Amino acid sequence: MPNTQAPTSPQNEELSALLDTLPTHIRQTLAQEGDLNSLLEIVMDLGRAPEARFTEREALLGFQEVTQEDIDYVTSRISTFGGDNRAGIIRTLHRISAIKNRQGMVVGLTCRVGRAVLGTAKIIEDLIRSGKSVLLLGRPGIGKTTMLRESARVLSTEAKKRVVIVDTSNEIAGDGDIPHAAIGHARRMQVATPNLQHAVMIEAVENHMPEVIIIDEIGTELEALAARTIAERGVQLIGTAHGNTLEDLMVNPTLSDLVGGIQSVTLSDEEAKRRGTQKTVLERKSPPTFEVVVEIQDRYRAAVHPDVMEAVDASLRGQAAATEIRSLENGEVHTQLEVPPKIAKDNPRERIAPRHKEMPRMYLFGINRQRLEQAAREMKVELLITDRLEEADLLITSKAYFRRKPLKIREAEAASLPIYVLRKHTPQQAKHMLATLNPQATSNLPPPEGNHREELTQALREAEEAARQVRQSHSPVELSPQGAYIRRLQHLVAERSQVSSRSVGHEPARRVTILPEE
């Protein structure tokens, strides 16, 4: 049997420990792949060919199907599976996860390679040394746990702090009763079953006087509550949670408390007018548990929200908070400040698209593309339509689809993507929407249904005259009450005249107020 890799370093010795648990025919085929330093995991499913997943590719390990004997061979050489169906190899960082059938028999395995990588926390080292609580976000496999492990080493060994790791799946400090050397002088508390993680978090504070607690995968309301309790006792928290961005947490009812929680507040008429908002607005409920949120984009790049309270408040007001973009190049951390475009974030239940000087890139959901293109041709407007939600500036859907909240609409809301809802999927509604998105197209907009041309002309003249007065006097002017269609056109008149506007009051007396440019 050929050697897969010479054990010339502790890392290679640990990799050999994982490879030695594999059946001979899988281990021999894997040896021929080479570049085992980029190996991420080996997948074994009953009745299928085994597969190896590398950083940038995947490979079948022969064509021989995995048998029950192959699976039993692996499970007999690792620790016992816990309540989370995870096991490991003593004194290593590898994780073996099981897929079981209805009878509880293991019929699939994911053998994930665990590595301790020095320097992975350098990109956030100043943040974790500051004493602030830091939350790491990012997709699975991006390196969150590796960064947690290195943070434990830096704080316990270099910063000389009392660090306790709550290690539910033994993924941070490895399997067995003796933790892996990669965590430095940090102490590790194991968790008997995943549903007790929140209790062990509180136990760590009450019994062991830590200065820092490190926790992986905060995912339940009880764990979020335990995290808040710990932070309120003055203990620094460094953890990870399910989600890729700060906005993901804000719309997650289970975990939003980590960033302060979101609540709906009804304002008085005077306060709503003073703020220039709707009467019902979203506000942060309490101070955030984590003061800093780090969105890990890849192993060498991260977006940092250094003040979560400010970022959440700005997002709820529809404003943009500055974000630090950090990258690690040749061992040096480079930081630049990025101010994203303004987010349309009124009431998520009635979110509409912001106005654009140019037509935004649209993603259509439940909308007839040909009908929309025909409306655009008649108005001489160029459409920008994409089939990829992540490339869109705006999602357009119908009222019926929006009410049902299918997956694509939920994804758009989670990504804070503006949504324009058409009440009726008619050509006239489509043209009104295009005119709202592109003020230059207003001249081609059809008049309202019925004979209201004179009313429309008078309303637009009133808006033009008000805009002229506001530019001269710098004082607001309130227009006559109008329907939604005419108010929309009056807003466009204001925008063209380089002044601001907002709608105030309630139907049928709702009207537009023209304001000096902010």
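The buried residues of α13 pack against β18 (361-365), β20 (394-398), α12 (399-404) and β21 (419-422); buried denotes under 20% relative accessible area with a 1.4 Å probe, protein chains only. Helices (H or I, at least four residues) and strands (E, at least two) are DSSP runs numbered from the N terminus. The model is predicted, with pLDDT of at least 70 required for local features and 80 or more for side-chain atom pairs, while totals for chains, interfaces and linings use all residues. Residues are numbered from 1 along each chain as its sequence is written, and side-chain values use heavy atoms, without hydrogens and water.

Helix α13 spans residues 407-414, and I409, A412 and E413 are buried in it. These buried residues line one face of the helix, because they fall within an arc of 100° when seen down the axis of α13; the arc is taken from the directions from the helix axis to the C-beta atoms. Just after α13, S416 adopts a positive phi of about 60°.

T289 is located in the loop between β13 (280-284) and β14 (292-298). The residue T289 is buried, at a relative accessible area of 5%. Beyond its neighbours within four places in sequence, T289 is in contact (heavy atoms within 4.5 Å) with S133, A227, R228, A231, L237, D257 and L258. The side chains of T289 and R228 make a polar contact at 3.5 Å; such a contact is a pair of N or O atoms within 3.5 Å, and within protein one must be able to donate a hydrogen and the other to accept it, with residues adjacent in sequence counted only if both atoms are side-chain atoms.

The protein chain contains 16 helices and 24 strands. Of its 518 residues, 47% are buried.

Key
Buried < 20%, exposed > 50% of the residue type's maximum accessible area, 1.4 Å probe, protein only.
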